[in-house]
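I opened the model to go through a few places. My notes follow.

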Amino acid sequence: MNTRLLIDWTRCEARGLCIELVPEVLTADDWGYPLSRHGDVTLPIPAPAIRYAEEAVRECPRLALRLIED
Ligand code: SF4
């Protein structure tokens, strides 16, 4: 089972909190929007980072994040 982070681009306002919380997965593009650090289309979250990704989902000021399992 894989945990992936989904970003709703219609909501995100590039405030960067998720990038600070999950820097091993996310980096910022030139405008501050979160981008996969490894170039993945989807955003797989390694097990040690899941609790930080969960925090990002809870704390995103635009409610733009969610985690899925596949
Ligand atoms: S925390 Fe939310 S609003 Fe901020 S950059 Fe991440 S997805 Fe966008």
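How do the residues of the shell around the ligand divide into nonpolar, polar and charged? I found 10 nonpolar, 1 polar and 3 charged. I kept in mind that this is a predicted model.

Next I looked up which residues come nearest to the ligand. There are 14 residues around the ligand, and C12, R15, L17, C18 and C60 come nearest.

I then turned to backbone angles. A14 is not a glycine, yet its phi is positive, at about 60°. I located A14 in the loop between β1 (3–7) and α1 (17–21). Is A14 buried or exposed? I counted 12 C-beta neighbours inside 10 Å. A residue with 12 or fewer is exposed, so A14 counts as exposed.

I placed L63 in the loop between α2 (50–59) and β5 (65–69). L63 has 12 other C-beta atoms within 10 Å, so I logged L63 as exposed.

My last stop was I19, in helix α1. How many other C-beta atoms lie within 10 Å of I19? I got 19. Buried would need 20 or more, so I19 is partly exposed.

I also checked which residues I19 touches, leaving out those up to four places away in sequence. The contacts are L26, T27, A28 and P34. For one distance, I took I19 and R4, which are 15 residues apart along the chain. Their C-alpha atoms are separated by 15 Å.

Terms used. Residues are numbered from 1 along each chain as its sequence is written. This is a predicted model: local features need pLDDT of at least 70, side-chain atom pairs count only at pLDDT 80 or more; totals for chains, interfaces and linings use all residues. A residue is near a molecule or strand if its C-beta atom, placed from the backbone, lies within 6 Å of it. Ala, Val, Leu, Ile, Met, Phe, Trp, Tyr, Cys and Pro count as nonpolar, Asp, Glu, Lys and Arg as charged, and the others, Gly among them, as polar. Helices (H or I, at least four residues) and strands (E, at least two) are DSSP runs, numbered from the N terminus. Two residues are in contact if their C-beta atoms, placed from the backbone, lie within 7 Å.
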